[in-house]
Amino acid sequence: MISYNKEKRVFKLDTENTSYCIGVVDKENFLGHVYYGPRITDDSIDYLMRIFENPFVPSQNERDRGSFLDSFPTEYAGSFLGDFREGSIQVRDKNGHEAVQLTYRSHEIIVGKPELKGLPSTFPGKDHVETLAVKMADDTIGLEAVLYYSVFEKEDCIVRSITVKNTFDAPIHLTKIMSMTMDMDSEDFELLTLYGSWARERQIDIRPLGYGKTSVGSIRGESSHQEHPFMALVEKNATQDVGRVYGFSFVYSGNFLAQAQKSQFDSVRIMMGIHPDCFDFELKSGDEFVAPEVVMTFSASGLGQMTRNYHDMYREHLIRSPYKDRTRPVLINNWEATYFDFDTDKLLDIARQAKSCGIEMLVMDDGWFGQRNDDNSSLGDWQVNEDKIKGGLKYLVDEVNKIGLKFGIWMEPEMISPDSDLYRAHPDWAIALPNRTPSKSRNQYVLDLTRPEVVEYVYGCISSVLKSANIEYLKWDMNRQITDPGSLYLGKENQGELCHRFVLAVYELQERLVTDFPDLLLENCSGGGARFDPGMLYYSPQIWCSDDTDAIERLKIQEGTALIYPLSTMGAHVSDCPNHTVGRTTPFKTRGDVALLGTFGYELDVTKISPDDVSMIPAQIENFHKYNDLVRNGDYYRIASFRENNVFDCVQIVSKDKKESLVVFVQVLGRPNCHSRNLRLKGLDPKRVYRVEAENEEIIRLHGDTLMNAGLMIANPWGDNVSIIIHIREA
Ligand code: DGJ
């Protein structure tokens, strides 16, 4: 997988379909980017770094060292020494200077992949993975670094990260550390990123890449609703099936920066890492900093292949939960059913009716603890409110279990309400700046998780709740972003560490949780989907995708999310209508069919919805069980996008052995006087004969090549927001 051409000093990293090459040049050992793209044979390609042309390398043309640095395609850019493009790393050394330039020292090829201490990271699992570790250093400031490149052959992924170490006898401040940088020639690329908002997460945005810097990022303390730790460089006019696509996905849940910079020489510098704003990490002599990793993939055949690479990569090499390979229980969550207005009797009524419909778990959401009857109080006071939960938590859980349902619970462990016993006892436990009243958001503050005693308190609360009854699922929520980044615990030199240390503490808490409660089904959540990122997937196999449960809005949210993340990770529920977020009414069937493309569950008062809707639940659950293996493990193909055509949406899943496929078609807008719609399917075995059923009725038998090339004709359904399920099986 990894080879080294000693003469040319070029490393070649091969996956099944791609090659990634880097090279060492000149006497000073600059590390350059040589090539990334379809798999190639030769490694004697150092000429691609253009070192044999003006301005040449510094040992040949020292007078133009600056021009060399400013145009050399680098693998990790220094700062303030001649390269005027954005640097990958910045420091404040003991003399107050910021310049840094790491150059190559030695390398090692490791079988396997070293773990990133304290951070989520991809792992080899059963596969053979090799890692290239390139040792770099800047002797002037005593900084050593290792650039890691791990090769995941089958998934066509290369994973990059960096660790740095202060080898001087004085502290140094790291003020910026990108996890990866890569320079390559620009090819009229477009940039694909995901933007959004609360209830509108991960919408796809594609725009031409112009000169200068284009970036997305978060300084909100979490990966955020607004921008996403992902970027793809996409060949102009690329489609799902055609065109070169480079994907970069950051395995981190806090502040991030993803940037593309097109330079004067038409090269593009991609970089991704922790956002340098609000970041200043002190490294004492001998200290090391481990940066989070970036998962890169290249597809020569459009966005669809990029998606399938990421799905396989994250399913096989990131998500650790045993639930990854299991059908999850069909749950009913009481949030949209009751909000804060519930008690034991109400929950038991819901549980009984849910059981009679085939639902398998009741999840009690926000409002069961302290004095929490609205969102103004009690975060931090994780004692059950016995005025509402009469008889206590254990009684409720036992009763729910007797009805025949499992039980799950909601918590928001990272938060503290100003109106809470916890805050009254420990006002210094909230993140705040001296002499400033911290900004409230949803009337709450964020706990200072840099304090070890706060982490202990939080973990103690979670574990005692979980141990107090037979609780089999936890929804871990996080409903506000970090402002006022100050800690009364950290010293003056360390205030800039708060945001990163906060994320590390969340990871530490979740690591302890999944270790101590290995059978717990953990679902992360952040005011909907503000922390839906690869970092959180390392701990929880599913994440609540969005607070917007409207089936039509979900088409776009789930399309953007599924661009990177497997369907098995996307928390998706059927809710009541008119939808609580947009007021739209859609058929109950459509709501079910769209939720089928995620984890599937209910978020409504099953004792109050119409008998017609209730009567449809058992069949929906039957469908969920029928298709869930396929949805969880299959290959994802996008046939049509409502986002693009404004009329209809169509997603197809194909089993790995190509014997079975599911197509979910949603006609959002009915239109008059239209011909039937021809769906050209994808991913099937061309030679196999398939039996095609629409809504459980066989409609035709055809070969895979016919279905993929000639297409499958379906009549236009009558009405708006109507869905059809097509099941395709080997005949
Ligand atoms: C935000 C979540 O996304 C909702 O599902 C719900 O749990 C509320 N928080 C509760 O406050």
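**A covered helix and its neighbours**

Modeller: Phe-588, Thr-590, Arg-591, Gly-592, Asp-593, Val-594 and Ala-595 of helix H11 are buried, where buried means under 20% relative accessible area, exposed over 50%, and partly exposed in between (1.4 Å probe, protein chains only). Helices (H or I, at least four residues) and strands (E, at least two) are DSSP runs, numbered from the N terminus. This is a predicted model, in which local features need pLDDT of at least 70 and side-chain atom pairs count only at pLDDT 80 or more, while totals for chains, interfaces and linings use all residues. Residues are numbered from 1 along each chain as its sequence is written, and side-chain values use heavy atoms, leaving out hydrogens and water.

Colleague: Why is H11 largely enclosed by the rest of the structure?

Modeller: Because 7 of the 8 residues of H11 (residues 588-595) are buried. The cover over those buried residues includes helix H10 (551-562), helix H12 (611-633) and strand E39 (722-730); contact means heavy atoms within 4.5 Å.

Colleague: In what order do the 6 strands of the open sheet run?

Modeller: Two strands pair if DSSP finds at least two bridges between them. Here the order is E32-E33-E34-E39-E36-E37, with antiparallel pairing. Strand E32 (635-640) and strand E37 (697-703) are the edges, each pairing on one side only. Within the sheet, strand E36 (residues 689-694) and E39 share 5 bridges, and Val-692 stands opposite Ile-728 in E39.

Colleague: Which strands does H12 lie across?

Modeller: H12 lies across E32, E33, E34 and E39.

Note on methods:
Axes fitted to C-alpha atoms, helices over the stretch in contact; angles between N-to-C directions.
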